[in-house]
Amino acid sequence: MQEALILKLIILAVETILIAVIIALVLSFSVTKKLMKHNANLIDQVKESDKQ
């Protein structure tokens with residue numbers, strides 16, 4: 001009986017960790033995408049200032 005409870009707790013812990021990792025990856029992708037867009041805007045601004 002106690003072993004079954006321990007197994008359920010381990011499974012719950014693993015599921016929680018997997019969900020946390022997935023959330024971290026999604027947030028990381030979102031931040032990376034925003035930074036890439038920001039960098040592209042900065043590059044465009046530098047190119048425009050070089051033309052003038």
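**Figure 1. Glu-48 and Lys-51 within helix H1.** Glu-48 and Lys-51 both belong to helix H1 and are 3 residues apart, about one turn of the helix. Helices are DSSP runs of H or I with at least four residues, strands are runs of E with at least two, and both are numbered from the N terminus. The structure is a predicted model, in which local features need pLDDT of at least 70 and side-chain atom pairs count only at pLDDT 80 or more, while totals for chains, interfaces and linings use all residues. Residues are numbered from 1 along each chain as its sequence is written, and side-chain values use heavy atoms, with hydrogens and water left out.

**Figure 2. The salt bridge between Glu-48 and Lys-51.** Side chains of opposite charge can pair when their charged atoms come close. Glu-48 forms a salt bridge with Lys-51, and the closest N and O atoms are 3.9 Å apart. A salt bridge is a side-chain nitrogen of Lys or Arg within 4 Å of a carboxyl oxygen of Asp or Glu; by this rule the count comes to 1. Glu-48 is partly exposed, with a relative accessible area of 43%, whereas Lys-51 is exposed, at 66%. Buried means under 20% relative accessible area, exposed over 50%, and partly exposed in between (1.4 Å probe, protein chains only).

**Figure 3. The nonpolar surface patch that includes Ile-10.** Ile-6, Ile-10, Val-14 and Leu-18 form a nonpolar patch on the surface, and together they have about 360 Å² of accessible area. Patches are made of residues with over 30% relative accessible area and no salt bridge; nonpolar side chains (Val, Leu, Ile, Met, Phe, Trp, Tyr) are joined within 5 Å, and like charges within 9 Å. Accessible areas come from the Shrake-Rupley method with a 1.4 Å probe, and for residues only the protein chains shown count as cover. Ile-10 lies in helix H1 and is partly exposed, its relative accessible area being 47%.

**Figure 4. Ala-13 and its separation from Gln-52.** Ala-13 is found in helix H1, which covers residues 2-51. Its relative accessibility of 38% means that Ala-13 counts as partly exposed. From C-alpha to C-alpha, Ala-13 and Gln-52 are 59 Å apart in space, and they are 39 residues apart in sequence.

**Figure 5. The chain as the setting of these views.** The chain has 1 helix and 0 strands. Its C-alpha atoms fill a box of roughly 75 × 5 × 5 Å, taken along the principal axes. Of the 52 residues of the chain, 0% count as buried. The chain exposes about 5,200 Å², and carbon and sulfur atoms supply 72% of that area.
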